[in-house]
Amino acid sequence: MKRVIRLITALALMGLSLAGCGSLLPKPQPNSSGIYLLASPLKAVDRQDQSRSIQISLGVGPVRLPGYLDRREILTRVAQSRLDVSQNDRWAEPLDENLTHVLAQNLSVLLGSDGVISYPWPIAKGPDYRVTVEVLQFECNSALEAQLSARWWVIDRNDTGAAEVKESHLTRAATDRSTDASVAALSETVADLSRQIAQAVIALASQRERY
């Protein structure tokens with residue numbers, strides 16, 4: 001009986017010892033990484049020309065990015081020639097694809113048209129107009145500003161002349177230093193670019209209607 005008691009006591013002490021060791025081990029940390037997408041902040045009330053009833057056929061793309069943005073990690077510009085790479089936060093899909101989809105969604109709202117499609121589209125049945133975008137800069141900086149610089153041009157399928165190249169430099173303030181706020185501000189700059197493109201498309205369509 002004494003041997004059994006000693007065995008039970010030893011097992012109890014061993015359990016307490018293991019429990020104490022377990023309390024010294026670092027606790028597992030929750031996964032703090034985030035997966036992000038640009039989004040459209042536009043609503044039907046943002047339509048540029050409420051009087052227009054003609055459905056504009058528009059193709060969006062290709063959208064080209066500089067090489068430094070061809071990555072999933074989200075970047076922050078901390079100096080003119082230096083970028084910090086996020087260790088945790090990623091884009092959910094290639095950024096050029098996400099930008100193309102959001103531009104198309106924005107332009108569909110702004111033009112009030114269901115005829116806005118993303119690149120690529122069938123060669124045999126292309127849109128009446130298409131917009132090509134070359135992004136020069138697209139990230140937030142350490143001053144909590146989202147920055148989008150881009151060259152773009154709208155092409156009329158029936159016009160054989162060279163399209164006028166336009167350039168946009170847009171900024172939006174982020175509400176705080178979180179990645180959520182940065183991505184929201186970047187989405188706002190895409191909406192601002194979309195408004196400029198929509199105005200150019202409407203001007204071209206109006207010019208075509210006059211002739």
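Two strands are taken as paired if DSSP finds at least two bridges between them; strands (E, at least two residues) and helices (H or I, at least four) are DSSP runs numbered from the N terminus. The structure is a predicted model, in which local features need pLDDT of at least 70 and side-chain atom pairs count only at pLDDT 80 or more, whereas totals for chains, interfaces and linings use all residues. Residues are numbered from 1 along each chain as its sequence is written, and side-chain values use heavy atoms, with hydrogens and water left out.

Strand β4 (residues 82-91) pairs with strand β1 (residues 35-36) in the parallel sense, over two bridges. Within this pairing, I35 has R90 of β4 as its bridge partner. Strand β4 also runs antiparallel to β3, to which five bridges join it. Here E73 stands opposite R90. The two strands β3 and β4 form a hairpin, with two residues between them.

The largest nonpolar core comprises 46 residues. Such a core is a set of buried Ala, Val, Leu, Ile, Met, Phe, Trp, Tyr and Cys residues joined through side-chain atoms within 4.5 Å. The residues with the most contacts inside this core are L38, L58, V131, V133, F138, L193 and I197. At least two core residues are supplied by each of β2 (58-64), β3 (73-79), α2 (95-111), β6, β7 (145-156) and α3 (179-210). Helix α3 provides the largest share, 13 residues. In soluble globular proteins, nonpolar side chains tend to be buried together.

Strand β6 (residues 129-141) contains V133, which counts as buried because its relative accessibility is 1%; buried means under 20% relative accessible area, exposed over 50%, and partly exposed in between (1.4 Å probe, protein chains only). Contact denotes heavy atoms within 4.5 Å. Apart from neighbours within four places in sequence, V133 is in contact with P62, V63, R64, L103, A150, R151, W152, L193 and I197. The C-alpha atoms of V133 and A150 are separated by 6.7 Å, although these residues are 17 apart along the chain. For V131, when residues up to four places away in sequence are not counted, the residues touched are L58, G59, V60, G61, L107, W152, W153, V154 and I197.

N141 also lies in strand β6. With a relative accessibility of 13%, N141 likewise counts as buried. Leaving aside neighbours within four places in sequence, N141 is in contact with T76, R77 and Q147.
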